[in-house]
Amino acid sequence: MRLLIIGVLDGHFSTASRIALDRGAKVLQSDTIQSGLDVIRSGVGADVVMVDVRLAVASLIQSLKSERIAIPVVACGIGNDTRAAVAAISAAWRSP
């Protein structure tokens, strides 16, 4: 499995990566939505995307859908940023 992590996850990137690597995944990381999309478009691809909830999750989902790229997107975060979580969930439901 190929996991693409988009964002820095408040320094918890190494923990998330280690867990995935221990389970046999190949892990890629991008700091921004745009650089994450560039990785996906480059042909390297990903089987699942984990994105920091504080980033523009709606923009990521819309870009993937408009380019007909079907990849599961998991929004995640560290701490209790309720507004960011609600925005990420809403983005998924609003996308056609």
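Entry 1: I looked up the pairing of S3 (48–52) with S4 (73–76), and found that the two run parallel and are joined by 4 bridges. Two strands count as paired if DSSP finds at least two bridges between them; helices (H or I, at least four residues) and strands (E, at least two) are DSSP runs numbered from the N terminus. For aspartate 52 I noted cysteine 76 in S4 as the bridge partner.

The model is a predicted one, in which local features need pLDDT of at least 70 and side-chain atom pairs count only at pLDDT 80 or more, while totals for chains, interfaces and linings use all residues. Residues are numbered from 1 along each chain as its sequence is written, and side-chain values use heavy atoms, with hydrogens and water left out.

**Entry 2: the sheet.** I traced an open sheet of 4 strands with parallel pairing, in the order S2-S1-S3-S4. S2 and S4 are its edge strands, each pairing on one side only. On average, neighbouring strands are turned by 20° against each other, direction ignored; axes here are lines fitted to C-alpha atoms, for helices over the stretch in contact, and angles run from 0 to 180 degrees between N-to-C directions.

**Entry 3: helices on the sheet.** I then checked how the helices are placed, and found H2 lying across S1, S2 and S3 at about 160° to S1, whereas H3 lies across S1, S3 and S4 at about 155° to S3. Contact means heavy atoms within 4.5 Å.

In H2 I listed Ile33, Gly36, Leu37 and Ile40 as buried, where buried means under 20% relative accessible area, exposed over 50%, and partly exposed in between (1.4 Å probe, protein chains only). These residues sit on the same side of H2, because they cover an arc of only 100° around the axis, the arc being that of the directions from the helix axis to the C-beta atoms. The cover over the buried residues of H2 includes S1, S2, S3 and H3.

For H3 the buried residues are Val57, Leu60, Ile61, Ser63 and Leu64; their arc is only 160° around the axis, so they too are put on the same side of H3.

**Entry 4: salt bridges.** I found that the structure holds 4 salt bridges, a salt bridge being a side-chain nitrogen of Lys or Arg within 4 Å of a carboxyl oxygen of Asp or Glu. One of them joins aspartate 47 to arginine 2, with 3.0 Å between the closest N and O atoms. Aspartate 47 is in the loop between H2 and S3 and arginine 2 is in S1, so this pair ties together parts that are 45 residues apart in sequence. Aspartate 47 is partly exposed at 37% relative accessibility, as is arginine 2 at 30%.

Next I followed arginine 41, which meets aspartate 38 in a salt bridge of 3.5 Å, N to O; both lie in H2, 3 residues apart, about one turn of the helix. Arginine 41 also forms a salt bridge with glutamate 67, the closest N and O atoms being 2.5 Å apart. Since glutamate 67 lies in the loop between H3 and S4 while arginine 41 lies in H2, the pair ties together parts that are 26 residues apart in sequence. I therefore recorded glutamate 67 as partly exposed, with a relative accessible area of 36%, and noted that Asp38, Arg41 and Glu67 are linked in a network of salt bridges.
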